[in-house]
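Please look first at the sequence and the model shown here, and keep both in view while reading. The paragraphs below then lead through the fold step by step.

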Amino acid sequence: MFQLDLAPADPILGLTETYKADAHPDKINLGVGVYQDATGKTPILKAVTQAEERLLETETGKSYLPIPGVAELATHTQELLFGAGHTIIKEGRAKTAQTPGGTGALRVAADFLLRAAPQATVWISNPSWANHQAIFEAAGHRIEDYRYYDKVSQGLDGEGLMADLERVSEGDVLIIHGCCHNPSGIDLDQTAWEAIAAQARAKNLICLVDFAYQGFDEGLEEDRAGLHVLLNAGLAVLVTSSYSKNFSLYSERIGAITVVEETADDAIKAFSHIQAAIRAIYSSPPAHGGKIVATILGDTSMRALWIQELADMRTRIKEMRQAFAHGMAARQQAIDFDFINHQKGMFSFSGLTQEQVLKLRADNHIYIVGSGRINIAGITPTNVDPLCDAIARVI
Ligand code: LMR
């Protein structure tokens, strides 16, 4: 009936399926952005287990949540984004809805923006998380990209970024990674955040801050510094949060969308359209993940435990980043691998070509995304040496 060719496999999730089908005992998965501990397992955080135990004891029903989800989750999300007692919260200028993961938040944002800014072009960093383009295209948006990563310096292409900001038209949408840029690991510096804020003010741009990794670089407060440059400039922004990574709640699909407006009245109006968009996509969110996060953040001791567990994940990733950079430097003096130490968060843009990535997969059962993005959180004290040996052989 449907005369269709096969759709291309997803560059990230498709790779996980190929990895799972590989029976080799020493295979290494550095593809999908999922945290693994030193033994290669994706942990259930202790704080999450405690919250689930409490929910099991106290939950009284499974009726629908309201369209914006768990009310306490909205309150806690705003505190994570702005800081408790922030003026934006006091003035009621922010509204938050729970969503199925960060991806769900982005799709809601895309549908909302079709209503709020139908003529706008959506600008995405080059490179960006592959799904950004797919989500906004699926919603019917026109997409362009702005320069971001400089292959030569393996750092931010500040000049290219500034030049491309000049090309952005009045009222367009800029998607900005809040921290731990996916896939490059290269974050905007203060100058770049300020330049974006200035352009956004001058051209009434809509900044959408995709904040999937809060807490994975330096800490919950430190990682929101860029977002606060935009907020301090008085800009209205959209923020999409994910709790997949920082709560290790990948399968529960829990995230949030927050709109910050210039007045409380504008926030209420914008939020009514966000709710209408949600109703038309999935009606209301699944409850479990939202209740877990709200329970943890609403309880002093569970919250402290979570903050410690988050710090432990962050520290382990940094240790593996250093071990990887060190391991490569020890094997290959011709290349300076120090750039790996300057990248932030879960990923390293290794500079490996597609050909090298495929060779690593075929010869060594090492799974890396075709762009050369390596999930540092998949490196362990056990696999770091064989990994470095294999990479040194292909470069
Ligand atoms: C990733 O970039 O690997 C993660 O965000 C998972 C995903 O959905 O692509």
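The model is a predicted one, in which local features need pLDDT of at least 70 and side-chain atom pairs count only at pLDDT 80 or more, while totals for chains, interfaces and linings use all residues. Residues are numbered from 1 along each chain as its sequence is written, and side-chain values use heavy atoms, with hydrogens and water left out.

We begin with the sheet. Helices (H or I, at least four residues) and strands (E, at least two) are DSSP runs, numbered from the N terminus, and two strands pair if DSSP finds at least two bridges between them. Seven strands make up an open sheet with mixed pairing, and their order is β2-β10-β9-β8-β7-β3-β4. The edges are β2 and β4 (142–147), each of which pairs on one side only. Neighbouring strands of the sheet are turned against each other by 25° on average, with direction ignored; for such angles, axes are lines fitted to C-alpha atoms, for helices over the stretch in contact, and angles run from 0 to 180 degrees between N-to-C directions.

Two of the pairings show both senses of direction. Strand β2 (residues 94–99) and strand β10 (residues 255–260) run antiparallel and are joined by six bridges, and threonine 99 has glycine 255 of β10 as its bridge partner. By contrast, β7 and strand β8 (residues 206–211) pair in the parallel sense over five bridges, where isoleucine 176 has valine 209 of β8 as its bridge partner.

Next come the helices. Two packed helices are described by the angle between their axes and the distance between the axes. Helix α7 (residues 158–167) packs with helix α8 (residues 190–203) at an angle of about 5°, and their axes are 11 Å apart. The two helices α7 and α8 are therefore roughly parallel to each other, since angles under 35 degrees count as roughly parallel, over 145 as roughly antiparallel, 65 to 115 as roughly perpendicular and the rest as oblique. In their contact (heavy atoms within 4.5 Å), Leu161, Met162, Leu165, Glu166 and Arg167 of α7 meet Thr191, Ala192, Ala195, Ile196, Gln199 and Lys203 of α8. These residues divide into six nonpolar, two polar and three charged, where Ala, Val, Leu, Ile, Met, Phe, Trp, Tyr, Cys and Pro count as nonpolar, Asp, Glu, Lys and Arg as charged, and the others, Gly among them, as polar.

A second pair is arranged at another angle. Helix α5 (residues 101–116) and helix α6 (residues 130–138) pack at about 40°, with their axes 9 Å apart, and α5 and α6 are therefore oblique to each other. The contact brings together Thr103, Leu106, Arg107, Ala110 and Leu113 of α5 with Asn131, His132, Ile135, Phe136 and Ala138 of α6, and these residues divide into six nonpolar, three polar and one charged.

In the loop between β3 (121–126) and α6 lies proline 127, and the peptide bond from asparagine 126 to proline 127 is cis, with omega near 5°. The loop between β7 (173–177) and α8 holds proline 183, which is joined to asparagine 182 by a cis peptide bond with omega of about 20°. Cysteine 180 is also placed in the loop between β7 and α8; although cysteine 180 is not a glycine, it has a positive phi of about 50°, and at 2% relative accessibility it counts as buried. Arginine 253, in the loop between β9 (237–242) and β10, likewise has a positive phi of about 50° without being a glycine, but arginine 253 is partly exposed, with a relative accessible area of 33%.

Technical notes:
Buried means under 20% relative accessible area, exposed over 50%, partly exposed in between (1.4 Å probe, protein chains only).
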